[in-house]
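This briefing concerns the helices of the structure shown below and the surface that they present. Please read it alongside the model.

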Amino acid sequence: MRRAWTAILLTGAALATVGAAPAEERAMLAAFDAVLTAMAYAAAGLAVFAVVWAGFVLMAEGAEERGGGRAKTAVVMAVVGLVLVLLAKAVAALLRSGIVPFPTP
């Protein structure tokens, strides 16, 4: 997975450095947006699973013991992860729409 991200980022950097044609730039941004959309769906599903799992952990541990520390941490981490993925999707949408200019040398 890490190699795939490296390849995607290096390809994007190479296209930006060379001064990609507008059609190539739009295609690259569309592909990146499609990947982020898939990640957003996966993150939403995983966040729901993490919240449900935290509910089971809270029931198993009991609410009195440390105030449900592991369960609260699981919910917070699930929400933070979902927010990060959605922020990445928002940045890609801003780049694609042209509100934030795509830096080219």
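Val80 is located in helix 3, helices being DSSP runs of H or I with at least four residues, numbered from the N terminus. With a relative accessibility of 41%, Val80 counts as partly exposed, a class lying between buried (under 20% relative accessible area) and exposed (over 50%), with a 1.4 Å probe and protein chains only. The model is predicted: local features need pLDDT of at least 70 and side-chain atom pairs pLDDT 80 or more, whereas totals for chains, interfaces and linings use all residues. Residues are numbered from 1 along each chain as its sequence is written, and side-chain values use heavy atoms, without hydrogens and water.

**Helix 3**
- Helix 3 covers residues 69-97, 29 residues in total, and its first and last C-alpha atoms are 42 Å apart, close to the expected 42 Å (1.5 Å times one less than the number of residues).
- Its buried residues are Ala71, Ala78, Val85 and Ala92, and the buried residues of helix 3 pack against helix 2 (22-61).
- Gly98 follows helix 3 and has a positive phi, near 95°.

**Helix 2**
- Helix 2 has 40 residues and reaches 56 Å from first to last C-alpha, close to the 58 Å expected.
- Among the buried residues of helix 2 are Glu25, Met28, Asp33, Ala47 and Val57.
- Gly62 follows helix 2, with a positive phi near 90°.

**Surface**
- Val51, Val75, Val76, Val79, Val80, Val83, Leu84 and Leu87 form a nonpolar surface patch with about 630 Å² of accessible area together.
- Helix 3 contributes the largest share of the nonpolar patch, seven residues.
- Patch residues have over 30% relative accessible area and no salt bridge, with nonpolar side chains (Val, Leu, Ile, Met, Phe, Trp, Tyr) joined within 5 Å and like charges within 9 Å; a salt bridge is a side-chain nitrogen of Lys or Arg within 4 Å of a carboxyl oxygen of Asp or Glu.
- Accessible areas come from the Shrake-Rupley method with a 1.4 Å probe; for residues, only the protein chains shown count as cover.

Technical notes
Helices (H or I, at least four residues) and strands (E, at least two) are DSSP runs, numbered from the N terminus. Contact means heavy atoms within 4.5 Å.
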